[in-house]
Structures are given as C-alpha cells and as structure tokens.
Amino acid sequence: MRLETERLYFRHWTLEDKDALFAMAKDPDIGYRCGWPAHKSVEDSINTINTVFTGKENYAICLKSTDEPIGCIDLMFNQKKDDECELGYWLGREYWGQGIMPEACRELIRHAFEDLKVSKVWCAYYEGNEQSKRVQEKLGFVFQERKENVKVALLNEVRNDYVNLLTREDWEKK
Ligand SMILES: CC(C)(COP(=O)(O)OP(=O)(O)OC[C@H]1O[C@@H](n2cnc3c(N)ncnc32)[C@H](O)[C@@H]1OP(=O)(O)O)[C@@H](O)C(=O)NCCC(=O)NCCS
C-alpha cells in the first residue's frame, strides 16, 4: 500500500538516506523542538536510521518532484493500548511554511483511522513551539492537557508539554 499525497509520498528510511538525513538533522532548531540533540556527524544519522527509524509506521517523507527525503513522520503505538497511537513529525528547515506537514499528517492520520483502525491519535508539542501548535490546530486536534516539568531525557532538561487528541469521531466529522 503506497501512502501518498499530491506533493509527497512516504517510504521507510534506508542507510542510503544517511547524508540527506544529516544535512537536515544537524540543524539544532529541528531536534531541539522534538527533544533530541542535533546530529554532529553522519555517524549520528546512521545510528538514528538503525535504531530510531525502525518502527513499522515510521517513514521518510519524500518529495515526488525530487524523490528526496525532506523530513520524518511517525505513528508510535503504546503496547497496552493498541487502538491508540501518537503522531510525531519534523521537516528539514528549507521546506517549512509550505503546508507540507499538514498535508503529510492528513494522509498518515487517514492511514491510522482507515487502515490501522485506531480510535484515537494523540499529538503533543513542547511549550513555545508555535509552528507545531499551528499544525495540530489545522488538523483538528483538541487540547487535552498541559503537563508540567516533563523530562526531556535526551537533552537533560524539563519542559512543559501540551497534549492534543484527535478522536475517530472528530476526524469523521471533518
Ligand atoms: C512544525 C513543522 C513540522 C511545521 O511544518 P510546516 O510544513 O512548516 O507547517 P506549515 O507550513 O503548516 O506552517 C505552520 C505554521 O508555522 C508558521 N511558519 C511557517 N513558516 C515559518 C517559518 N519559516 N518560520 C517560522 N514560522 C513559520 C506559520 O504560522 C504557519 O501557520 P499558518 O499556516 O497558519 O500561517 C516544522 O516547522 C518543523 O519541522 N519544525 C521543527 C521540528 C518540530 O517542531 N517538530 C514537531 C515537534 S512537536
């Protein structure tokens, strides 16, 4: 099954993407907002492809016009509640501000509800990440909770986390 939109398609990451990943993930403003340190070398990117980008629903977002990966999108499942998942995403800086992530998320959310039959998709952002907040608003996510002093383990700091939810019912109404 091919997951695609007008401008994009998704596929799994491979080690051939290491240089493209490094070119994006070395930007400190991307990882910082997601809670991971910027990649310092291609070795970090290889390690990420081998150990982090391994989930069944973790994808490289590729531009149809170039076939290049331009970001990452992921559905993470909680083993205790397999009809719920959490959406995560980031995009290389040069692609920000073109509505690409809302377009990508709409397709992965459709996939979650229609193909994977989940009942709830969760999504969160750290306080201050107005761009991600806006993406979640545009997708119809509904605010649930502000979690204070959440540990960001990979960066060794604490932050406030805003947790949003899209239920199947809300998604069907849209
Ligand atoms: C969050 C992110 C995925 C948004 O993706 P995107 O495709 O740029 O989203 P949009 O084009 O819909 O832009 C969202 C909002 O960001 C703002 N924005 C757009 N381009 C911007 C730029 N270059 N600089 C600052 N803000 C910008 C706008 O307010 C826009 O809202 P609007 O459409 O109502 O005007 C992207 O900014 C990103 O990868 N950020 C770093 C990683 C990250 O934060 N991941 C999410 C962690 S929860």
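This is a chat about a predicted model of one protein chain.

Biologist: Let's start with the big picture. How many helices and strands does the protein chain have?
Modeller: The secondary structure comes to 6 helices and 7 strands. Keep in mind that this is a predicted model.

Biologist: And in what order do the elements run from the N terminus on?
Modeller: The order is β-α-α-α-β-β-β-α-β-α-β-β-α. The radius of gyration is 16 Å, close to the 16 Å that the globule rule gives for 174 residues, so the chain is as compact as a globular protein of that length.

Biologist: What box do the C-alpha atoms fill?
Modeller: Along the principal axes, roughly 45 × 40 × 35 Å.

Biologist: What share of the residues count as buried?
Modeller: That would be 45% of the 174 residues.

Biologist: What about contacts between residues 24 or more positions apart?
Modeller: Those make up 62% of the contacts with a separation of 6 or more.

Biologist: Okay, charges next. How many positive and negative side chains are there?
Modeller: There are 26 positive and 32 negative ones, and the centres of the two sets lie 3 Å apart.

Biologist: Now a single residue. Where is Arg159, and is it buried or exposed?
Modeller: Arg159 is part of strand 7, which covers residues 157-167. Arg159 counts as buried because its relative accessibility is 10%, and the cut-off for buried is under 20%.

Biologist: Which residues is Arg159 in contact with, leaving aside neighbours within four places in sequence?
Modeller: Quite a list: Tyr32, Arg33, Gly35, Tyr126, Lys147, Glu148, Asn149, Val150 and Val152.

Biologist: Let's switch to Asp17. Where does that one lie?
Modeller: Asp17 is in the loop between strand 1 (8-11) and helix 1 (18-25). Its relative accessibility is 5%, so Asp17 counts as buried.

Biologist: Which side chain does a polar contact join to Asp17?
Modeller: The side chain of Arg11, at 2.8 Å. Beyond four places in sequence, Asp17 touches Arg11, His12, Ile49 and Pro69.

Biologist: Where does Lys117 lie, and is it buried or exposed?
Modeller: Lys117 is in the loop between helix 4 (100-115) and strand 5 (120-126). With a relative accessible area of 60%, Lys117 is exposed.

Biologist: And what about the phi of Asn156?
Modeller: Asn156 has a positive phi too, of about 55°, and it is not a glycine. You'll find Asn156 in the loop between strand 6 (142-152) and strand 7. Asn156 counts as exposed because its relative accessibility is 72%, with the cut-off for exposed at over 50%.

Biologist: Last one: how far apart are Lys81 and Val118?
Modeller: They are 37 residues apart in sequence, and their C-alpha atoms are 9.6 Å apart in space. Lys81 belongs to strand 4 (residues 81-91). Lys81 is partly exposed, with a relative accessible area of 44%.

Definitions and conventions. Residues numbered from 1 in each chain as written. Predicted model: local features only at pLDDT ≥ 70, side-chain atom pairs only at ≥ 80, totals over all residues. Heavy atoms only, no water. Helix = DSSP H or I, 4+ residues; strand = E, 2+ residues; numbered from the N terminus. Buried < 20%, exposed > 50% of the residue type's maximum accessible area, 1.4 Å probe, protein only. Contact = heavy atoms within 4.5 Å. Rg over C-alpha atoms; globule rule 2.2 N^0.38 Å. Lys, Arg positive; Asp, Glu negative; His and termini not counted. Charge placed at Lys NZ, Arg CZ, Asp CG, Glu CD. Polar contact = N/O pair within 3.5 Å; in protein donor to acceptor, adjacent residues only side chain to side chain.
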